[in-house]
Amino acid sequence: MSRQETIGVGAGAAYLGVDRVIDLGPLHPAAHGAYRLRLRLDGPDDAPVVAEAEPLVGHLHRGAEKLFEVRDYRQALALANRHDWLAAFCNEVTLAMAVERMTGMDVPPRALWLRTLLCELNRILAHLAFLTPLTRTPSGEPTPGTTAAQRGTSAVQAVMEEATGGRIHFMATRIGGLREDVPAGWTDNVAAALSTVDREFPAITSSTVDSDDFRSRHAGIGVLSADDALELGVTGPAARASGVDIDLRRDDPSCAYGELTVHPVLGTTGDALARVSCLVGEIAQSVRLARECLDRLPGGAVNVRLPKAVKAPEGSVYTWTEAPLGVTGVYLASRGEKTPWRLKLRTPSFNNVQALAALLPGTRVADLPAVLGSFALVVGDIDK
């Protein structure tokens with residue numbers, strides 16, 4: 001006989017049983033946002049299984065798209081990196097590209113290569129943020145892989161801060177390029193940071209995808225089929241783990257990606273293990289791409305001179321890029337003023353979270369931590 005129970009996930013909250021609620025707060029600051037899952041459970045009391053799952057979002061909604069409409073294009077960049085704070089730089093670039101495309105602005109080559117380099121460093125940071133807790137034991141104890149992931153994160157974070165002055169909201173992108181050039185000696189520091197990630201990488205993999213215990217706990221659970229991924233608009237590592245061969249860095253390159261060779265990291269099984277494997281594989285590829293950007297970085301200016309007020313001509317444009325969690329897009333409609341008439345965001349987590357309704361049924365409640373930990377989301381990217 002089935003029963004209705006509600007379990008809150010994320011933000012440190014859990015709701016167990018019909019008459020018993022354990023609530024640690026719906027907006028816990030230590031989480032990547034707050035969302036809830038309403039689950040209907042079947043099966044015996046000692047081994048319940050998820051029969052239906054419904055993601056409940058909206059806790060973090062702050063009306064970013066309406067705020068865009070009362071800011072000029074340069075001010076709008078301050079909001080563009082706040083919905084997915086783990087992909088802040090990538091989001092800045094996507095919005096800047098929309099304005100540049102509408103105005104016919106040519107971005108200097110050095111700025112394009114630096115944007116590409118910083119996007120790949122940002123991708124490494126984002127993936128490490130999700131992998132670090134996965135390196136811990138099931139009881140939460142740190143492993144050598146946890147320390148290795150933290151060292152890699154610190155190294156990349158340091159060069160991002162050095163280049164931009166920002167820790168989370170980098171605010172380095174400007175319409176027409178970058179705010180300023182990177183400091184002297186920065187490229188050497190980036191090379192050293194990438195070497196740190198390389199050096200720590202074996203410990204990370206040995207605690208995750210190369211560990212027999214980890215593989216046994218994650219293989220075959222939380223399966224998302226390729227058909228479901230396509231139907232729900234799932235993109236990024238979550239889709240590629242199911243065999244969906246889409247990566248805009250290769251398929252519709254922007255910045256300097258057209259000069260680079262990108263091989264999407266693909267899985268076939270679509271389970272929790274495949275999703276973690278894709279995150280791990282993408283870190284290795286981002287290290288390679290970042291090194292190539294360093295080797296091919298040209299000299300010259302990093303921005304163009306702008307008028308006092310940037311005005312996009314009347315019309316509309318859509319730009320998209322491959323952010324760490326998937327396809328992020330900007331639909332910009334202008335009436336020729338210095339503020340957008342409409343600025344609509346296409347964020348990967350908004351589509352991706354819907355996949356939980358497809359992949360959770362059939363999952364044992366005991367396996368929920370492993371499945372949900374493998375499915376990377378930033379809730380601000382949903383409740384934009």
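This is a predicted model: local features need pLDDT of at least 70, side-chain atom pairs count only at pLDDT 80 or more; totals for chains, interfaces and linings use all residues.

Student: What makes β6 and β7 count as paired strands?

Tutor: Pairing requires at least two bridges between two strands. β6 and β7 have nine bridges, so they count as paired by that rule.

Student: Which strands form the open sheet, and in what order?

Tutor: The order is β6-β7-β8, with antiparallel pairing. β6 (315-323) and β8 (342-346) each have a single partner strand, so they stand at the edges and one side of each has no neighbour in the sheet. From one strand to the next, the twist averages 10 degrees.

Student: Why is valine 99 called buried?

Tutor: The word applies under 20% relative accessible area. Valine 99 has 0%, so it is buried. This residue lies in helix α3 (residues 88-103).

Student: Which residues does valine 99 touch, leaving aside those up to four places away in sequence?

Tutor: They are Tyr73, Ile175, Val310 and Leu332. Take isoleucine 175: it is 76 residues from valine 99 in sequence, yet the C-alpha atoms of the two are 7.0 Å apart in space.

Student: How do we describe the way α3 meets helix α4 (residues 109-134)?

Tutor: Two packed helices are described by the angle between their axes and the distance between the axes. Here the axes come within 8 Å and cross at roughly 145 degrees. On the α3 side the contact includes Ala88, Phe89 and Met97, while on the α4 side Arg115 and Leu118 are among the residues. By class, this contact has eight nonpolar, one polar and two charged residues.

Student: Now the chain as a whole: how many helices and strands does it have?

Tutor: There are 14 helices and eight strands.

Student: What makes the chain as compact as a globular protein of its length?

Tutor: We set its radius of gyration against the globule rule. Along its principal axes, the C-alpha trace spans about 70 × 45 × 35 Å.

Student: And how much of the chain is buried?

Tutor: Buried residues make up 54% of the 384. The chain exposes about 15,900 Å², with carbon and sulfur atoms supplying 53% of that area.

Methods
Residues are numbered from 1 along each chain as its sequence is written. Side-chain values use heavy atoms; hydrogens and water are left out. Helices (H or I, at least four residues) and strands (E, at least two) are DSSP runs, numbered from the N terminus. Axes are lines fitted to C-alpha atoms, for helices over the stretch in contact, and angles run from 0 to 180 degrees between N-to-C directions. The radius of gyration is taken over C-alpha atoms; the globule rule is 2.2 Å times the number of residues to the power 0.38. Buried means under 20% relative accessible area, exposed over 50%, partly exposed in between (1.4 Å probe, protein chains only). Accessible areas come from the Shrake-Rupley method with a 1.4 Å probe; for residues, only the protein chains shown count as cover. Contact means heavy atoms within 4.5 Å. Ala, Val, Leu, Ile, Met, Phe, Trp, Tyr, Cys and Pro count as nonpolar, Asp, Glu, Lys and Arg as charged, and the others, Gly among them, as polar.
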